[in-house]
Amino acid sequence: MSKDIQVYTSLDAKVQPAEKLDILLLSTEGAADLKTYNDLEVIKADFEGKKVAAMAEKMFDQVNTLADTLIRKVRIAGIENPQPVGGKASTLTVTFAEASFDTALEASTDYWLKIGGKAVVPVRTESKPETDEAIAQLFEGKSFTMDGIVFEASVAEGVVTFTSTTRTPISGYTETVEFFQDAECMTACGLHNGTLAISSGAKDVTRADKLLEAIETLRGIDDDFYFLLTDVTDGDCVKALAEWAQGTEPTPAELGAGVEDHRKVYFGQTADKEYVSSFGRSAILYSEFPDTEWADAAWVGCVGPFWPQSVTWKWKVPDGVEVADLTDAERDRLEENRVNYMTAEYKHPYIKEGICGDGNFLDNVLGADYITYQMRENLYNVFLENPKISYSDAGFALVAAAVFSALNRAVELEIVAVDPEAGGGIFNVKVPKRADATPEQVANRQMPDIEWEAQLDGAIHKVKVNGVLSVTLNS
């Protein structure tokens, strides 16, 4: 028999995860395990006298930020100072040791030496070569190009050494060597006692190469970070890091092949007024004193607390970043080269222009990343929290709700624009029907694609005011 009065109390007080930036500061002044820090004094103790401690201090101490919070969480890892490693040239060494032929070489005749089953070197005899030294001498001053690599010959007694003019590896050569009577290498002379030794070289490994190698090793251990900043400020490394960050966003084909999406954004700084920023997932800031000012860390500390809310990265005034001493021509060049810098107009200092290397505004890039992240999280939650999602219009609608939820959240964060008349976000989602599915999709339990589009919320970066001020004097 059921009870007439039933009371059930549900506690809805679960801790909600805070949306905060995942920032990695990478030190190149000694190995240190990746660790999360919430206390600046602990960072200073662990990295006493090191640049990364100064970076963290600049990031944490942005007390004049317009945000209502401060960054109080970063991850820090340390690597040994990356050093360049010189490469070596590749060599193909042909040795004639009492060489003989089934068809002897004749005087005043053209021949072609095929090396490693791949490279062909033409020679012409003047007299009949009858010794190893005479055969080798045919190649004095000769060179050839294979796979874009130039090889030049040097001769010593019965040995010919072809050395690459660049330090680079080679591949695809076999340990064979033969003279031919025709350029097509169809009629062999039948060389005996001629051997080929192959030594593959190695390319030069730059400091930037070693830095990226260390970062990829770190990612193999823990890839859970979004912003990357380092204590490296030389142009080659800054450019390499910017290019690396660009490559962290997977293509649709890579996603289809199972590559996980761990896209990054790199913030760097340069003292080079001619530096050209070209890559879309990086923001480079000009600083006259990069190794003491740490303008990139200050900028992130000033604007980063707003995330994931969409805010303009231009017009901000990070503490501890001085206005750059630049001529008008130098400022124009930095803007043309898509490099951000601290300026002052009519005694008002601020960051200009708040862009990435491809000209995209930072808030647009971060906003698109957030939508991607939130949509993926919502979709995982839908599938993990439901025992079964039916292959039906109702099931498709349940999945699509995750997309709508992400876009609505983006509207709240001012990432997606709002229709001033309707009051809702300016986005459109096309949810497929069960009838749209192909037999293959049904068999593989694959839902047809959900297609959506949204309009990013813009921001005012410039304004021009025209008007006429008239004054009437009363008598």
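Trainee: Is the crossing of H10 and H11 left-handed or right-handed?
Mentor: Bearing in mind that this is a predicted model, the crossing of those two helices is right-handed. Helix H10 covers residues 362-385 and helix H11 covers residues 393-412, and they pack at an angle of about 145° with their axes 8 Å apart.
Trainee: Which residues in H10 meet H11?
Mentor: On the H10 side they include Tyr370, Ile371, Gln374 and Met375, while on the H11 side Leu398, Val399, Ala402 and Arg409 are among them. Sorted by class, the contact of H10 with H11 has 13 nonpolar, three polar and one charged residues.
Trainee: Switching to strands, what order do they take in the open sheet?
Mentor: Three strands form that sheet in the order E6-E5-E10, with antiparallel pairing. Strand E6 (119-124) and strand E10 (177-180) each have a single partner strand and stand at the edges, so one side of each is left without a neighbour in the sheet. From one strand to the next, the twist averages 25°.
Trainee: How many bridges pair E5 and E6?
Mentor: Strand E5, which is residues 110-115, pairs with E6 over six bridges in the antiparallel sense. Along that pairing, Tyr111 has Val123 in E6 as its bridge partner, and Trp112 stands opposite Pro122 in E6.
Trainee: And what sits between those two strands?
Mentor: The hairpin of E5 and E6 has three residues between the strands, and in this hairpin Gly116 takes a positive phi near 65°.
Trainee: Okay, now the nonpolar core: which residues touch the most other members?
Mentor: The largest nonpolar core has 55 residues, and those touching the most other members are Ile23, Leu25, Met59, Val74, Phe227, Leu229 and Phe267. Helix H8 (residues 295-303) gives the most to this core, with seven residues.
Trainee: What is Ile23 in contact with?
Mentor: If we leave aside its neighbours within four places in sequence, Ile23 is in contact with Met59, Ile71, Val74, Arg75, Phe227, Leu229 and Val300. There is also a second, separate core of 30 residues, which includes Leu92, Val121, Phe139 and Phe162.

Definitions and conventions: Residues numbered from 1 in each chain as written. Predicted model: local features only at pLDDT ≥ 70, side-chain atom pairs only at ≥ 80, totals over all residues. Heavy atoms only, no water. Pairing = 2+ DSSP bridges. Helix = DSSP H or I, 4+ residues; strand = E, 2+ residues; numbered from the N terminus. Axes fitted to C-alpha atoms, helices over the stretch in contact; angles between N-to-C directions. Core = buried A, V, L, I, M, F, W, Y, C linked by side-chain atoms within 4.5 Å. Buried < 20%, exposed > 50% of the residue type's maximum accessible area, 1.4 Å probe, protein only. Contact = heavy atoms within 4.5 Å. Left-handed = near helix turned anticlockwise from the far one by under 90°. Nonpolar A, V, L, I, M, F, W, Y, C, P; charged D, E, K, R; others polar.
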